[in-house]
Amino acid sequence: MITAHPSLLRELIERCETLRHRLAADNSAETARRLEDAAYTMCVITATRQLDTALFVARRQIAEAMRQKQPLRH
């Protein structure tokens with residue numbers, strides 16, 4: 001399975017979370033549209049259909065990438 005680079009995943013997670021908080025505060029149509037766009041991108045990249053699932057999968061992919069980079073210690 002092809003996965004996005006961890007830095008891209010981190011950026012998208014941050015964008016989605018920031019926009020969620022902003023939408024809760026201002027409830028503007030522009031913020032809602034931006035969140036919808038970011039959520040769509042996140043779902044496409046993670047091969048999911050819901051933002052919460054996409055965020056979970058992205059975090060798991062980042063953790064796996066970090067685990068693979070770290071050498072095993074005895």
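Predicted model: local features only at pLDDT ≥ 70, side-chain atom pairs only at ≥ 80, totals over all residues.
Analyst: Residues are numbered from 1 along each chain as its sequence is written, and side-chain values use heavy atoms, with hydrogens and water left out.

User: What makes Cys16 buried?

Analyst: Its relative accessible area is 0%. Buried means under 20%, exposed over 50%, and partly exposed in between (1.4 Å probe, protein chains only). Cys16 is therefore buried. Cys43 has 10% relative accessibility, so Cys43 counts as buried too.

User: How do you know that the length of α3 is close to the expected one?

Analyst: Helix α3 covers residues 51-69, which is 19 residues. Helices are DSSP runs (H or I, at least four residues; strands are E, at least two), numbered from the N terminus. The expected span is 1.5 Å times one less than the number of residues. For α3 that expectation is 27 Å, and the helix reaches 27 Å from its first C-alpha to its last.

User: Why are the buried residues of α3 said to line one face?

Analyst: They are Leu51, Ala54, Leu55, Val57, Ala58, Gln61, Ile62 and Ala65. Seen down the axis of α3, they fall within an arc of 165°, so they line one face of the helix. The arc is that of the directions from the helix axis to the C-beta atoms. On the other side, Asp52, Phe56 and Arg67 are exposed.

User: What do the buried residues of α3 pack against?

Analyst: They pack against α1 (6-26) and α2 (29-46). Contact means heavy atoms within 4.5 Å. For α1 and α3, residues in contact include Leu9, Ile13 and Cys16 of α1 and Leu55, Ala58 and Ile62 of α3.

User: At what angle do the axes of α1 and α3 cross?

Analyst: Roughly 145°, and the axes come within 10 Å. Axes are lines fitted to C-alpha atoms, for helices over the stretch in contact, and angles run from 0 to 180 degrees between N-to-C directions. The crossing is left-handed. That term applies if the near helix is turned anticlockwise from the far one by less than a right angle; clockwise is right-handed.

User: Why does α2 have one face lined by buried residues?

Analyst: Thr31, Leu35, Ala38, Ala39, Met42, Cys43 and Thr46 are buried in α2. Their arc is 135° seen down the axis, so they line one face. Ala29, Glu36, Tyr40 and Val44 are exposed on the other side. Cover for the buried residues includes α1 and α3.

User: Which phi value does Asn27 have, although it is not a glycine?

Analyst: A positive one, about 50°. Most residues other than glycine have a negative phi. Asn27 lies in the loop between α1 and α2. At 62% relative accessibility, Asn27 counts as exposed.

User: What is the phi of Ala47?

Analyst: Near 60°, a positive value in a residue other than glycine. Ala47 sits in the loop between α2 and α3. Its relative accessible area is 67%, so Ala47 is exposed.
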